[in-house]
Amino acid sequence: MDADRPLSANEGLKERSNFLRGTIAEGLTRVETGALADDDTQLTKFHGFYMQDDRDLRAERGKQRMEKAFIYMVRMRCPGGILKPAQWLQLEKMARERGNGSIRLTTRETVQFHGILKSNLQPLMQGLNAVSLDTIAACGDVNRNVIASLDPWRPVLHAEISGLARRLSAHLLPKTRAWHEIWLGAEKLAGGVVEDEPILGRTYLPRKFKIAIALPPNNDIDVFAHDLGFIAILNEGKIVGYNVSVGGGMGMTHGEPETYPRIGDVIGFCKPEDVIDVAEKAVTVQRDYGDRSNRKHARVKYTIDDMGLDRFAGLINERLTVKLEPARDYSFTSTGDRIGWVHGDDGLSHFTVFIENGRVRGQMMAGLHAIAALDIGRFMMTANQNLILADIPAASRPQIEALLAEHALDRPHSGLRRSSMACVALPTCGLALAESERYLPDLIDRLDDELDRFGLREDEITIRMTGCPNGCARPYVSEIGLVGRTPGIYNLYIGGAHEGVRMNKLHRRDLDGDGIVAALSPLFESYAKERTQGERFGDFVIRAGVVKPTVNGLDFHENLSADVGS
Ligand code: SRM
Ligand code: SF4
């Protein structure tokens, strides 16, 4: 980082916050407004929530000169994404009593609650704490929820990586007691006690930091989209260590080519017992070298591209007790979930419920309630916004099957829909430029009609939509990506790898729904006619010369020329 440039405003705010306390506690007592103080709304992210306003009501309330309809989005921390049925029931209770009645599964194996009023924040946090859950560091300039592949059908391996996710999360959590004090009323630390953040530092990280653990051949967590990735290396059915990937990140800003999505680079291999040290050292290198003057340039991907990958990897190595070894071989086959039943060799079965864009409400909520009330198995929240009802013994299967059928949770879906994700966007996301979660289902109806015409209904082509270029549904690593520009208008990206190892490329700019269908339909037709055995859509459009492959972030924008419209 250039020492001459002034620090961003958030750095001063963190410094002055008394380890993330600010005046949040005082703000909660101010009943005359639904809002919190501006500075505090930056700090609340570290406590796992955002102040928002209902954008559907914004214009009307503005006309009536009323305060915006302030509501809060609360994001839970749940490393590895696994819940007990009783915890699921509690989430549902919280959503009904404290939120807007829906639970939103996110792309990072946890849930968000929307529509929380200020007065409901504390009861919600306490409700989560009552079932050993929390929201600490779910957002903010810290290590976020650690995600791990969900493979309950490989129980021993899965237990190992989900345990690792929990340990990594615990190790990198902020040490401040601010969350416990403000939300649980824990006793304030006595005057003389000095808090410290030995890993994160007193101003925390320059920006968010994300870790994912993959269990090949499953890349359901899109390991290359994260600042730090661990890829399990198997030998004779055992995990012998992990390849380490650094520098993934999806966010960019339209019209600012110096911002770009990037996928991670593999820099070496470490033994299972060294993973925590590798993560800690990667975090501290980013803490010390990340850009604290420009938040749009503060992720690990830019630190790496500024200093060079070798230097970044070298800095990690210098700090490690056991140095990284050369990376080992592995391969991925898919980023998707296995919707429906998977029967394990151990007599346990697992049903992955397809949850369109992660939104659970209505009949789906009722069905999952009935299943959770049986208190069988575990609930696993996938990074594709779906839910696995895991570890169902054979004797309980008929009962679960009946409930799935009764609540239409086992309805078949097309391959495209099964492989779809959309971010939240409107009406809650303050950054949304266009619809996403509320629009993608209708667009998929139309695209399915086209796919039907060419016999492609069952083909699992990954499609992801976001309401802005920040990339919350990881649209740049899907075979088809749609990114909001303005209401009703999207940029279309194609050519990502089905298994998440290559980014896509801009194909057409500024399309409405008709334009998207018109652009994709001929590609579906030629794919159906000309694909080679087993060839994926994303690979086909590259072989057919429709778009050039993206090598990495720095060439992501290279198509931005007249051939894709102005
Ligand atoms: Fe995200 C900001 C929703 C995963 C990149 N993201 C936001 C906010 C909080 C908007 C804001 O800052 O005001 C969104 C809240 C919307 C709402 O109303 O709920 C939001 N992000 C989400 C979720 C809920 C999308 C979803 O539909 O599931 C995901 C929650 C994950 C979680 O449980 O922790 C979510 N966000 C992601 C991912 C995917 C991932 O991490 O695997 C990314 C891309 C990966 C990355 O980080 O690069 C992502 N979100 C962003 C960014 C761009 C960051 C950047 O480096 O440029 C922002 C904007 C920001 O931070 O300034 C953002
Ligand atoms: Fe909001 Fe943009 Fe993220 Fe969608 S991608 S949730 S619109 S920040």
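Ligand 1 has an oxygen atom 2.6 Å from an N or O atom in the side chain of Thr 106. This is a polar contact, a pair of N or O atoms within 3.5 Å; within protein, one must be able to donate a hydrogen and the other to accept it, and residues adjacent in sequence count only if both atoms are side-chain atoms. The model is predicted: local features need pLDDT of at least 70, side-chain atom pairs count only at pLDDT 80 or more, and totals for chains, interfaces and linings use all residues. Residues are numbered from 1 along each chain as its sequence is written, chains are lettered from A and ligands numbered from 1 in the order in which they are written, and side-chain values use heavy atoms, without hydrogens and water.

| Residue | Part of the residue | Distance |
|---|---|---|
| Thr 106 | side chain | 2.6 Å |
| Lys 208 | side chain | 2.7 Å |
| Cys 429 | backbone | 3.3 Å |

Around ligand 1 there are 30 residues, counted if a heavy atom lies within 4 Å. Thr 106, His 114, Thr 428, Cys 472 and Arg 474 come nearest. By class, nine are nonpolar, 13 polar and eight charged. Here Ala, Val, Leu, Ile, Met, Phe, Trp, Tyr, Cys and Pro count as nonpolar, Asp, Glu, Lys and Arg as charged, and the others, Gly among them, as polar. Strands β1 (49-53), β2 (70-75) and β5 (111-116) each supply at least two residues of this shell.

The iron atom of ligand 1 has Cys 472 (SG) as its only protein donor, at 2.3 Å. Donors are N, O and S atoms within 2.8 Å of the metal (3.2 Å for Na, K and Ca); water is not among the atoms, so sites may look incomplete. Cys 472 sits in the loop between β17 (463-466) and β18 (480-486).

Now Asn 218. This residue lies in the loop between β7 (211-214) and β8 (228-235). Asn 218 counts as buried, because its relative accessibility is 13%; buried means under 20% relative accessible area, exposed over 50%, partly exposed in between (1.4 Å probe, protein chains only). A polar atom of its side chain lies 3.0 Å from the backbone nitrogen of Asp 220.

Key. Helices (H or I, at least four residues) and strands (E, at least two) are DSSP runs, numbered from the N terminus.
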